[in-house]
Amino acid sequence: MITTVQQHILQEQRRFPHASGEFSWLLSAITLATKMIGAKVRSAGLTDIVGAAGDVNVQGEVQQKLDVYANEVLLHCLSTRASVGVLASEENEHPKIVGHATDDAKYAVVFDPLDGSSNIDVNVSVGTTFSIMRRPEGASCDEPEKWLLQPGTKQVAAGYVVYGSSTMLVYSVGLGAHGFTLDPSIGAFVLSHPNIKMPKQGKYYSVNEAYAPSFPPGYSDYLQMLRDGQLGHPYSSRYIGSMVSDFHRTILKGGIFLYPPTSDNPEGKLRVLYEAFPIAFLCEQAGGKASDGANRLLDMQPTSIHQRTPMVVGSQVEMELFEKMVASGEIASLA
């Protein structure tokens, strides 16, 4: 007996007494878009879809051709859902107010269409992240910032898709995190990892150690403690360079993933709304913890749509040591 993601969403929806079906219809737009993106990723070496597109996005990053395609697909699929009023993407400077937005539009959706896209050329796993927020009371259709600039605790759903040896969706509506693997023979995401629970302690840490000399004080000491076995065993380093892939390993195997601030990026580099918030939400739903380097990440109040942040996410044991070192001042911030 298989359970598809659409069936699972409908089952979860029954737990909400006033659910109308609009939310499941919205999520189906995301699954459709990610299937289309996954198909392009799988054929990337066979078609003219790899390499730079020639443009620079609002982040100052060179857009890859697949970035542009993934962004257009998600915007198109989500724009057809009447319950969606506002869309925001890493690739667009300004949020998009959906043309048919009315007072009945209930949700804002933010997303990073293709995290790690520079790795496509060398056949490394990439991903999509997304977050869904409910329209705040009193916010009009021409006030997109009010829809979007909410703390991470206000997310009603979040998820990611990793395009690797298989295509896998992990999502949560606040009732645990669940994983679905795309079965290409039937074209559906099938429940493969129900109620994911991050191990309380792992064996790996993940961080770009090339930037260690410019990390804030204490980070290198923390990593050395892990390597020295001060949490019961010595840790090994694993770093892919695609955030979704590195976190996917962490949520399944435990351990810790760090994206500290550096002297060049003292505010951090990950985008709050469409990268850090959804990852932090899923981490907590799986039993882990998520920090901005000083405080609980989901409590952050964003002030701009493309705001950046440091991020540290992982299992309870590793995060408790990190938080203890922050509280004692052994780990500092550059901000």
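This is a predicted model: local features need pLDDT of at least 70, side-chain atom pairs count only at pLDDT 80 or more; totals for chains, interfaces and linings use all residues.
I take buried to mean under 20% relative accessible area, exposed over 50%, and partly exposed in between (1.4 Å probe, protein chains only). I number residues from 1 along each chain as its sequence is written, and side-chain values use heavy atoms, with hydrogens and water left out.

**Entry: salt bridges.** I count a salt bridge where a side-chain nitrogen of Lys or Arg is within 4 Å of a carboxyl oxygen of Asp or Glu. By this rule I find 9 salt bridges.

**Entry: Glu22 and Lys106.** I looked up this pair and found a salt bridge at 3.0 Å, N to O. Glu22 belongs to helix α2 (residues 22-42) and Lys106 to the loop between β4 (96-97) and β5 (107-115), so the contact ties together parts 84 residues apart in sequence. I take helices (H or I, at least four residues) and strands (E, at least two) from DSSP runs, numbered from the N terminus. Glu22 is partly exposed at 28% relative accessible area, and Lys106 is partly exposed at 36%.

**Entry: Glu284 and Arg296.** I found their side chains joined in a salt bridge of 2.8 Å, N to O. Glu284 sits in helix α7 (residues 272-285), and Arg296 in the loop between β15 (289-291) and β16 (308-309), 12 residues apart. Arg296 is partly exposed, with a relative accessible area of 37%; for Glu284, also partly exposed, the value is 25%.

**Entry: Arg271 and Glu275.** I note 3.2 Å between the closest N and O atoms of this salt bridge. Both residues are buried. A network of salt bridges links Arg271 and Glu275 with Glu90.
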